[in-house]
Amino acid sequence: MGNCLSGDVKGGKQAIGGVQQRPTSATTAIANNAALNDAVDFFFRSRGQYPLFSQIELTLSASNLLDCDITSKSDPMAVMYLRKKDGKLEEIGRTEVILNSLNPSWIEKITVSFQFEVVQTLVFHVYDVDTRYHNVPVKTLKLKDQDFLGEATCVLSEIMTRPNRTVTLSLTGNVRAGVNRNLGTLSVLAEETVASKTVAEINFRCVNLDNKDLFSKSDPFLRISRIVESTAAVPICRTEVVDNNLNPMWRPVCLTMQQFGTKDTPLVIECFDFNTSGNHELIGRTEKSVAELERLCLQKEAVNFVYPSLSHGRKKILKGQLIVDRFVEKVQYSFLDYISSGFELNFMVAVDFTASNGDPRTPNSLHYIDPSGRSNSYQQAIMEVGEVIQFYDSDKRFPAWGFGGRTSDGSVSHAFNLNGASYGDEVVGVEGIMTAYASALRNVALAGPTLFSHVVDRAAHTASQSLSQNSPKYYVLLIITDGVLTDMAGTVDALVRASDLPLSVLIVGVGNTDFRQMEILDADNGRRLESSTGRIATRDIVQFVPMKDIHSGQVSVVQALLEELPGQFLSYVRTRNINPVGAPAI
């Protein structure tokens, strides 16, 4: 493949990891890698595999528990459940039993996977374990045979957003007839396991690669995959493409322990020649674990690539070699480190008021407010996304806009305040958005066309102001629409400009329109957006979900929309070497 850098080729190379640039620092390199794996993300999602979750260890303690024993104090044990959507409780774990204590500090930790995109309601039950069961493993204890000491409930994200990641809850419940007194408190401390934050930063280069091109040199990139039992190899990372070079040097690759598993897990490292068609030609491959890559670096050894041969399964040893110039193992700040330090996610919403939604007074309108209280698609999207993000915004004041509607002055606006105010676009809480939306339906006439660029620019302006004030804030704009965009080029330009800002854009498509345009904005095909001036987006900031597809499956709108948000947030802060509030650089 030659060095032609047309828009398609540039976009394609961005999907691999971007056109070759020299790293300015190790931190910048890590950040770039965090943002360049769009194609790998697409691989996982297309197979129904979703991002790995952060493992959280919960440490429990209690104070002033009820004493149910006559000759001694209670022997307490705590059990934790996850409340599912249907209200049923799923047991997650149990502590050990502590003898004779009304103020226990349990050692046994309970592990839970933190999922940003789900409201995870935790329910804790505390029991006094009967003496005859003290030598029985706690997992086999029948809880109905134990004395109930009280229960407490909280949402996991409430704990994770506290600066000390600790919450103290009052125990409640009907313990026994005639007892109406303080049942004590339960304290919960959440800690992210260090393993989920360990990263290996590796500098790769190659020498003497085989040339696969006729009129120029190969344009090589590396793909790293983890070997797993269920499938042959799952891609976990790709480098950028180096143009026209048989001795390439890539930006540092940053592999998390979540990606590579253990240091002894075998990794397949393949070198390809980039081709615009997507049929990249294999130059050579090798198989090494992270531990072996570290040894290659320490001993300054190179490893020869091999090429699989069709004859008798033999492998041809090539002259091309892989060299590890640098290997550093470190702990990297996680999404939860930022959130618990005081970083906030600020929610914004923009609602489509174009005429294609249908007259809000008629039941077949997408904007119909059902007297029975059943939510329309707009209300459902606002509620589901808002109830997750509200935990990450301390003042819960949300800008709320409409677009494509004819306001009271007779003009069509593409960024008017839902609350009807001429200034001040914020409402309080998710309920405030719902109230402002219902009010706007009575006071704004549906019109058109469908333009996104105005609300994207307005959100970008707010994010830009916050950035200039060094505020620890990241903005999330939810756009709910039924229509085909009239200003596709303008919207792409606005999104490319906004890709430099602390902003993500979530789009929900309602109704039965063909939403193929939105798939382009989403860039889940691994090709980042390109503006009318030829500029490639710094990172992918858009996630689109059609409501009709989600309703037919088991995944909620929230999960589908928000699964990428922590990664988008991290790609932003790492690109700019922004640390959690008050945290030292690592």
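Visitor: Is Cys254 buried or exposed, and what is its relative accessible area?

Guide: Buried means under 20% relative accessible area, exposed over 50%, and partly exposed in between, with a 1.4 Å probe and protein chains only. Cys254 has a relative accessible area of 6%, so Cys254 is buried. Cys154, at 5% relative accessibility, counts as buried too. This is a predicted model, in which local features need pLDDT of at least 70 and side-chain atom pairs count only at pLDDT 80 or more, while totals for chains, interfaces and linings use all residues. Residues are numbered from 1 along each chain as its sequence is written, and side-chain values use heavy atoms, without hydrogens and water.

Visitor: How many disulfides does a search of the whole structure find?

Guide: A disulfide is a covalent bond between the sulfur atoms of two cysteines. The criterion here is a pair of cysteine sulfur atoms within 2.5 Å. The search finds zero disulfides. For Cys254, the closest cysteine sulfur is in Cys237, 8.3 Å away, which is too far for a bond.

Visitor: What is the strand order in the open sheet of four strands?

Guide: Strands of a sheet pair through backbone hydrogen bonds, either parallel or antiparallel. Strands (E, at least two residues) and helices (H or I, at least four) are DSSP runs numbered from the N terminus, and two strands pair if DSSP finds at least two bridges between them. The order here is E4-E1-E8-E7, with antiparallel pairing. Strands E4 (110-114) and E7 (166-170) are at the edges with a single partner strand each, so one side of each has no neighbour in the sheet. Between E1 (residues 54-63) and E8 (residues 185-192) there are eight bridges. Ser63 stands opposite Thr185 in E8.

Visitor: How many aromatic pairs does the structure hold?

Guide: Rings of Phe, Tyr and Trp (its six-membered ring) pair if their centres lie within 6.5 Å; planes under 30 degrees apart count as stacked, over 60 as edge-to-face and the rest as tilted. The structure holds 17 such pairs. In one of them, the ring centres of Phe116 and Phe335 are 5.3 Å apart and the planes are at 85°, so the pair is edge-to-face. Phe116 is in the loop between E4 and strand E5 (121-128) and Phe335 is in helix H7 (residues 335-341), so the pair ties together parts 219 residues apart in sequence.

Visitor: Which pair do Phe335 and Phe569 form?

Guide: Phe335 and Phe569 form an edge-to-face pair, with 5.5 Å centre to centre and 85° between the planes. Phe569 is in helix H15 (residues 565-575) and Phe335 in helix H7, so this pair ties together parts 234 residues apart in sequence. Phe335 and Phe569 are both buried.
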